[in-house]
Amino acid sequence: MRPRSRATLLLAAFLALALLLPLGGCAPRSAPEDTAGDGGEDTVLLGFSQLGRESAWRMGNSRDIQEAAERAGVQLMYDNAQQEQENQIKAIRSFIAYQVDVIAFAPIVEQGWDTVLTEARDAGIPVLLTDRFIVTEDPSLYVGYVGADFLAEGRKAGAFLVEKADREGLEDLKIVELSGTLSSTPMQQRSSGFREMIAGDARFEILETVSGDFLRSKGKECMIALLERHERIDVLFSHNDSMTLGAIEAIEEAGLRPGEDIIIITVDGEQAAIDLLQEGKINCVVECTPMLGDIIMDLTKKLAAGEEIPRVTHPEEDVFCEFDADLMDIPPRGY
Ligand code: AHR
């Protein structure tokens with residue numbers, strides 16, 4: 001842990017005020033939080049930049065990190081970037097100026113982080129990637145990653161479709177894909193994993209992939225357009241539940257039955273999606289857990305103590321689908 005001078009504490013007060021001002025967005029930013037409560041000099045200080053509020057998953061992830069910090073006695077400087085990479089870069093710079101012990105952030109896209117992460121490394125602050133990866137030629141710019149295995153998620157989605165086709169003797173399935181934010185890790189890897197599982201199998205054809213940016217409103221808009229453009233759609237593979245919920249509205253408004261006329265495969269596992277799985281309107285939910293807070297706090301404490309951490313940490317994740325015997329017994333999801 002680093003000692004903080006009087007000047008640094010004054011700077012902190014200034015940064016706290018700066019973080020309260022919207023940076024290019026219209027929503028207010030949250031103030032840095034002393035979740036440990038004591039603000040003492042020996043408390044581990046974590047600067048965390050969240051990418052936005054685009055989905056129930058993201059809100060659950062933010063809440064979990066804030067609660068985990070409190071449980072762990074880690075002091076959290078939390079900033080929400082409102083979906084703008086530029087805001088994340090500004091937040092990281094303010095964490096560096098404040099000399100936090102550890103910086104963690106969920107990068108909205110993979111490219112464009114080298115400059116600011118070089119500044120963090122030069123300041124001697126370890127950087128932990130959470131939820132999403134970055135692309136860099138310099139692996140020393142971050143010490144580790146904690147988050148889902150998105151390639152495995154895409155494969156699980158594809159494996160479900162193959163199993164469904166095998167069990168029910170389905171042929172000639174026309175698929176549309178609603179992808180997440182372009183150039184984000186989950187968007188790229190979920191697509192690749194899904195394609196890997198159905199590649200070379202003549203029963204499956206991907207008609208089109210469109211990006212709904214992980215947003216419910218865009219999921220609906222995109223699905224309306226897809227239904228207009230294609231005479232027949234048999235399968236929707238959607239990269240997150242928020243877009244799926246919007247798409248289901250569009251499907252029902254078009255007079256079709258989600259889960260029956262169109263097979264619905266979605267990723268995340270938020271409560272609303274599990275409810276629709278149990279109602280038969282979704283066929284498969286691949287879990288992507290937002291509950292990363294405890295792991296992040298554990299790794300933060302190790303980093304602050306100068307210990308080594310694993311390069312990659314994945315939480316355990318499940319798949320829920322219409323073939324599960326215990327479909328109606330899924331415990332409450334909490335997000
Ligand atoms: O990076 C994780 C993804 O981002 C989740 O699947 C999605 O819901 C979120 O917005």
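**Reading a buried helix residue and a ligand site**

Colleague: Which helix holds N87?

Modeller: N87 belongs to helix α3, which covers residues 85-98. Keep in mind that we're looking at a predicted model.

Colleague: Okay, and is N87 buried or exposed?

Modeller: The general idea is a cut-off: buried means under 20% relative accessible area. N87 comes in at 2% relative accessibility, so N87 counts as buried.

Colleague: What does the side chain of N87 reach?

Modeller: For a polar contact, look for a pair of N or O atoms within 3.5 Å. Here the N87 side chain gets to the backbone oxygen of A81, at 3.0 Å.

Colleague: Let's move on to the ligand. Where does the ligand sit?

Modeller: You'll find the ligand in the largest cavity. The residues around the ligand include W57, F150, P186 and N240. Two helices, α2 (56-72) and α6 (185-198), each give at least two residues to that shell.

Colleague: How many nonpolar, polar and charged residues does the shell have?

Modeller: Sorted by class, the shell has 6 charged, 4 nonpolar and 2 polar residues.

Colleague: How much of the ligand does the protein bury?

Modeller: On its own the ligand exposes 280 Å², and the protein buries 100% of that.

Key:
Residues are numbered from 1 along each chain as its sequence is written. This is a predicted model: local features need pLDDT of at least 70, side-chain atom pairs count only at pLDDT 80 or more; totals for chains, interfaces and linings use all residues. Side-chain values use heavy atoms; hydrogens and water are left out. A residue is near a molecule or strand if one of its heavy atoms lies within 4 Å of it. Accessible areas come from the Shrake-Rupley method with a 1.4 Å probe; for residues, only the protein chains shown count as cover. On a 1 Å grid over the protein atoms alone, a cavity is a set of points where a 1.4 Å probe fits but cannot get out, and a pocket is an open set with protein on both sides within 12 Å along at least five of seven lines; lining residues have an atom within 4 Å of a point. A molecule sits in a cavity or pocket if more than half of its atoms lie within 2 Å of its grid points. Helices (H or I, at least four residues) and strands (E, at least two) are DSSP runs, numbered from the N terminus. Ala, Val, Leu, Ile, Met, Phe, Trp, Tyr, Cys and Pro count as nonpolar, Asp, Glu, Lys and Arg as charged, and the others, Gly among them, as polar. Buried means under 20% relative accessible area, exposed over 50%, partly exposed in between (1.4 Å probe, protein chains only). A polar contact is a pair of N or O atoms within 3.5 Å; within protein, one must be able to donate a hydrogen and the other to accept it, and residues adjacent in sequence count only if both atoms are side-chain atoms.
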